[in-house]
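Trainee: Could we go through this model together, one residue at a time?

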Amino acid sequence: MLAQRATQQSLRQLAASNPSMASQMVFKSFAVGSSLQTRPVATQKMTPADSYQILVAQRKNRPTSPHLTIYKPQMTWIPSALNRVTGSVLSGGFYVFGAAYLVSPLFGWHLDSASMAAAFGSLPVAAKVATKFAVAMPFTFHSFNGLRHLSWDLGKTFQNKTVITTGYVMLGVSTASALWLALFA
């Protein structure tokens, strides 16, 4: 501790007495190549509005990233994006319905099972099937596509051809199972 303090003190005295020699010693110890390039820094005072105008001008020269609208829709990325969407829809719907069910007695809403069954039973058959399909399709799609993603995590079926094939198979299986649930369950 004492040696470290003495070294620091002697370096400070050297820097105070001969600044050019001290800076040369520091640059020599940190320089990787044979020479170290330095350039003078020029600053100028400006208002925040002027600096903002410079920033706006610099942003106009930056390249822009391409938007999703220029890409051709492909089976490799559409189901992955829809998997996130259906997961959000399912979890959001669960939370909204759960919160509504919990506060329904406070507001006089009739969300009990008997009232909901009676309301659903009074619908025409086509509306029942459409409602059941609308509820079943995100669930089956998210479930089967989740199994597909799980197989990717295990290192299986991750070649481009098999990703496309499993995408079409997953769409067919999830649509067929959602139709079966809508018609027969």
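**Asn 145 and its contacts**

Mentor: Let us start with contacts, meaning heavy atoms within 4.5 Å: leaving out residues up to four places away in sequence, Asn 145 touches Pro 79, Ser 80, Asn 83 and Met 170. Please keep in mind that this is a predicted model, where local features need pLDDT of at least 70 and side-chain atom pairs count only at pLDDT 80 or more, while totals for chains, interfaces and linings use all residues. Residues are numbered from 1 along each chain as its sequence is written, and side-chain values use heavy atoms, with hydrogens and water left out.

Trainee: OK, and where is Asn 145 placed?

Mentor: Asn 145 sits in helix α6, which covers residues 125-153; helices here are DSSP runs of H or I with at least four residues, numbered from the N terminus.

Trainee: Is Asn 145 buried or exposed?

Mentor: Asn 145 is buried, because its relative accessible area is 0%, and buried means under 20%, exposed over 50%, and partly exposed in between, using a 1.4 Å probe and protein chains only.

Trainee: Which backbone oxygen lies 2.9 Å from a polar atom of its side chain?

Mentor: That is the backbone oxygen of Pro 79, at 2.9 Å from a side-chain polar atom of Asn 145.

Trainee: Switching topic, what about Thr 157?

Mentor: Thr 157 is not a glycine, yet its phi is positive, at about 50 degrees. Thr 157 belongs to the loop between α6 and α7 (160-184), and it counts as partly exposed because its relative accessibility is 31%.

Trainee: And where does Tyr 71 lie?

Mentor: Tyr 71 is in the loop between α3 (48-60) and α4 (78-107), and with a relative accessible area of 43% Tyr 71 is partly exposed.

Key. Helices (H or I, at least four residues) and strands (E, at least two) are DSSP runs, numbered from the N terminus. A polar contact is a pair of N or O atoms within 3.5 Å; within protein, one must be able to donate a hydrogen and the other to accept it, and residues adjacent in sequence count only if both atoms are side-chain atoms.
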